[in-house]
Every structure is written in C-alpha cells, then in structure tokens.
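User: Can you walk me through this one? I'd like to start with the overall layout and then go into details.

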Amino acid sequence: MTPNPWIENLPVYEPGRPIEEVARELGFNLDEIIKVASNENELGPSPKAVAAMTAAAREMHRYPDGGCFYLKTKLAARLGTGAGNLAFGAGSNELIEFLGHIFLSPQTNMVVSDGSFAVYRLVAALFNSRAIVAPMKNFGHDLDAMIAAITPETRLIVVCNPNNPTGTALAPDALDRFIEKVPPHVLAVFDEAYFEYPPDAMRADLLKHVRAGRENVLLLRTFSKIYGLAGLRIGYAIGHERIIAALNRVRQPFNVGAMSAAAAAAALDDDAHLADSSRVNFAGLRFFEKNLPQIAGGLEYVPSFANFILVKTGRGREVFNTLQKRKIIVRPMDGYKLPDWIRITIGTEAQNTAVLAALREVLA
Ligand SMILES: Cc1ncc(COP(=O)(O)O)c(C=O)c1O
C-alpha cells in the first residue's frame with residue numbers, strides 16, 4: 001500500500017482551535033471560552049437562516065438538489081448574472097480544490113502572494129503542482145510582482161481581497177488594471193471571502209468583468225463569514241459559463257447539503273442581520289485601532305478591511321498559549337512566517353473588551 005509520494009509530505013492546514021477541544025484539554029466550560037480565531041461572525045446566523053434550517057430538517061431523508069436551483073436563481077437575480085455563472089461548494093475551500101482538479105498538475109503552477117491564505121498553496125501541493133509565491137508589499141499583495149511571476153505553465157493566479165490573514169484591501173481600480181494584465185492562459189481567481197466588510201469605496205466590483213463575459217476571471221465568495229454559516233459549509237463561485245461548467249463536472253453530485261442551501265437562501269433575505277454584522281464589525285475594528293496603541297507600550301497592527309485584525313504582540317505562539325489559559329482563543333501567525341503576530345477576529349463589544357483586557361494583562 002503506497003500513497004502517492006507527494007501526499008506523504010503534504011503540509012496540513014492548522015485551523016483555529018475548536019472551543020470543544022480547548023474546553024476538554026484545559027477543563028473549561030464551553031460557554032466560558034471566547035473564540036476569536038477563525039473569523040466567524042460572533043452574532044451567529046440570521047434567525048431567518050435558522051428557521052429555514054429547522055424547516056429543512058424534516059426533509060433530511062432526501063438527497064439535495066445538487067444544482068442548488070432555488071439558491072442559484074435567487075443569487076443570480078441579486079448579482080445580476082445568469083444562473084450559469086454560479087457554482088456552489090462545501091465552503092469556498094472546496095471550490096479552491098475544484099480549481100486544482102481542473103487546472104493543476106505537475107506540469108502547471110499557480111501564482112499566489114506571500115502572507116495570503118494558506119489553502120491555495122496546500123491545494124497546489126495536493127495536486128503535486130507548484131505554487132509560485134510572490135513577495136508581499138505593505139502586508140498586502142504586490143500585484144505587479146504577481147504578474148511578473150507568471151510563466152507559460154501558470155494556470156491560476158489567486159488574489160485574496162480583503163486578504164486573510166493581514167486584512168489589507170486593494171484599491172478597486174488597481175484590481176481592474178491587474179485583470180487587464182493577466183494573460184488569457186491564466187485564470188484570475190479573486191477570493192472574496194470578506195467581500196461584504198470593506199466600506200463601499202474600497203469594495204471592488206469585479207462582477208462587472210464576469211457580466212461582460214470575460215472568461216479568465218473567477219470570484220469566490222462564502223456564507224461562512226458575514227452570513228454566520230461557517231458550520232454549514234457553503235460557498236460559491238461566480239464566473240464564465242465555461243469555468244462554471246468545469247466546476248460542475250468535477251464536483252460530486254451532492255456536494256452541498258440541502259440544509260445549507262436552504263439556510264443560505266434565507267440568509268440572503270436578511271438585510272438587517274447583514275447590516276448589524278457589518279456595523280458591529282466596523283465598531284469593533286475602530287475599538288481595536290483606538291486601543292491597541294494604548295497598551296503594552298503601544299501595539300502595532302495592520303489596518304484591516306475584514307472581520308479580524310493582525311496585531312504585533314511579539315512571540316505570537318506564546319501569547320496565543322497564554323491567552324488560551326485565560327479562555328481566549330486567538331490565532332498564532334508563525335505558520336504565515338509572522339511569528340511576532342497574532343490574528344484576532346472582531347467579536348461583539350463585550351468580547352472585544354475582554355480580549356483587549358486580557359491582552360493588556362498578558363503583555364504587561
Ligand atoms: C480568504 C479565505 N478564503 C476561503 C476561506 C474558506 O471559507 P469557507 O468556509 O467558505 O470554506 C477562508 C476561511 O477562513 C478565508 O479566510
């Protein structure tokens with residue numbers, strides 16, 4: 001029995017630690033723990049989504065509609081695209097893997113940025129392909145360096161905007177210019193997991209490229225972040241019909257559960273939940289930006305356009321461990337070659353206050 005040799009050494013993604021695991025390990029009650037490690041929405045899901053899940057629960061003996069017809073029709077109407085421009089995955093992570101199935105092999109490569117979401121590189125490794133890593137600039141993507149890194153073998157170039165884990169966002173007109181420079185043999189993938197968070201002026205409308213029929217632009221979005229449905233695993237791709245058809249060919253027939261599709265469709269109707277989530281997040285970001293410079297001799301942070309903030313505490317892994325003993329789970333960043341930094345998800349006002357107080361004590 002011999003697994004494919006590149007699988008033996010495949011690096012494994014280190015997710016935010018689950019509340020249950022930390023509670024078990026350190027003997028805490030579940031409800032004492034504040035988890036601000038995975039960029040989840042601390043307001044929870046929309047009540048409309050919860051009601052849709054409850055209703056869908058009675059039909060769970062049925063396989064789902066693999067094409068997510070109802071959700072797709074609704075989303076297409078909202079986005080102003082055709083239904084043929086949308087494909088769904090068990091989280092946007094699954095769609096990233098599907099792109100690997102379609103485009104990656106030992107003969108091809110993908111271009112990514114240093115200091116960006118780790119899953120892209122892991123997917124390249126999964127297909128025994130190669131990730132060409134362009135350097136970061138000011139904690140964000142250096143779009144020119146990424147274009148310069150493209151080779152004839154490149155099939156994907158991935159831009160995460162806003163970027164996880166740094167929270168930076170690229171100016172919309174810079175992204176439009178970037179798209180013009182991506183050659184036709186390369187698919188420009190924009191991971192927009194945090195699309196809903198930036199203020200309007202910084203929210204790039206890349207949908208117009210898809211609506212204009214551009215073949216080599218694909219957007220990835222998710223219901224895991226502002227919609228508060230991470231546990232359901234549902235995300236979507238918006239792109240040219242040809243790429244969407246390929247995504248639909250490589251997916252398993254029932255890759256998205258019926259409860260997930262029903263909840264996602266209901267969540268789309270809850271503008272109030274979206275507005276609340278956005279408002280609470282914006283206030284939380286301003287709270288950290290105001291207070292971080294006031295503690296531990298002035299903590300450096302990267303201004304963020306997402307629902308998390310990267311903070312330079314020094315010895316990030318140690319700070320993570322110490323905070324965990326105080327029932328707070330953050331994310332150490334040594335895996336991203338940022339050993340002096342931690343990433344904190346923006347929570348509710350009470351959570352943010354508790355996290356800042358703990359940080360102040362731990363770093364005193
Ligand atoms: C940039 C980015 N892309 C994709 C994902 C994966 O999200 P999903 O839950 O939709 O798989 C995340 C989750 O943290 C993310 O930060």
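This is a predicted model: local features need pLDDT of at least 70, side-chain atom pairs count only at pLDDT 80 or more; totals for chains, interfaces and linings use all residues.

User: Which domains is the protein divided into?

Analyst: Domain 1 takes 5-45 + 271-362, and domain 2 takes 47-267. Over C-alpha atoms, their centres are 24 Å apart.

User: How many residues are in contact between domain 1 and domain 2?

Analyst: On the domain 1 side 31 residues, on the domain 2 side 32. Together the domains bury about 2700 Å², and carbon and sulfur atoms account for 67% of that.

User: Which residues in domain 1 lose the most area to domain 2?

Analyst: Pro-45, Phe-305 and Tyr-336, which together make up 26% of what the domain 1 side buries.

User: And salt bridges between domain 1 and domain 2, how many?

Analyst: Two. There are also nine residue pairs in polar contact between the domains, counting pairs with both residues at pLDDT 80 or more.

User: Which elements supply the side of domain 1 that touches domain 2?

Analyst: Helix H1 (5-8), helix H12 (271-291), strand E12 (308-312) and strand E15 (341-345) each give at least two residues. H12 has the largest share, with six residues. By class, that side of domain 1 has 18 nonpolar, ten polar and three charged residues.

User: Separately, what does Asp-114 form a salt bridge with?

Analyst: Lys-337, with 3.3 Å between the closest N and O atoms.

User: Switching to the open sheet of four strands. What's the order?

Analyst: E11-E12-E15-E14, with antiparallel pairing.

User: Why is one side of E11 and of E14 left without a neighbour in the sheet?

Analyst: Strand E11 (300-302) and strand E14 (331-332) are at the edges and each has a single partner strand, so one side of each has no neighbour in the sheet.

User: How many bridges join E11 to E12?

Analyst: Three, and the two strands run antiparallel. Within E12, Val-311 is the residue opposite Tyr-301.

User: Now the backbone. Which peptide bond is cis at Pro-162, and where does Pro-162 lie?

Analyst: The bond from Asn-161 to Pro-162 is cis, with omega near -10 degrees. Pro-162 is in the loop between strand E7 (154-160) and helix H8 (172-181).

User: And Pro-165?

Analyst: The bond from Asn-164 to Pro-165 is also cis, with omega near 15 degrees. Pro-165 lies in the loop between E7 and H8 as well.

User: What about phi at Phe-139, positive or negative?

Analyst: Positive, at about 65 degrees, although Phe-139 is not a glycine. Phe-139 sits in the loop between strand E5 (136-137) and strand E6 (140-141).

Conventions. Residues are numbered from 1 along each chain as its sequence is written. Side-chain values use heavy atoms; hydrogens and water are left out. Domain bounds come from an automatic or database domain assignment. Contact means heavy atoms within 4.5 Å. Buried area is the accessible area (1.4 Å probe) that two parts lose on being put together, summed over both. A salt bridge is a side-chain nitrogen of Lys or Arg within 4 Å of a carboxyl oxygen of Asp or Glu. A polar contact is a pair of N or O atoms within 3.5 Å; within protein, one must be able to donate a hydrogen and the other to accept it, and residues adjacent in sequence count only if both atoms are side-chain atoms. Ala, Val, Leu, Ile, Met, Phe, Trp, Tyr, Cys and Pro count as nonpolar, Asp, Glu, Lys and Arg as charged, and the others, Gly among them, as polar. Two strands pair if DSSP finds at least two bridges between them.
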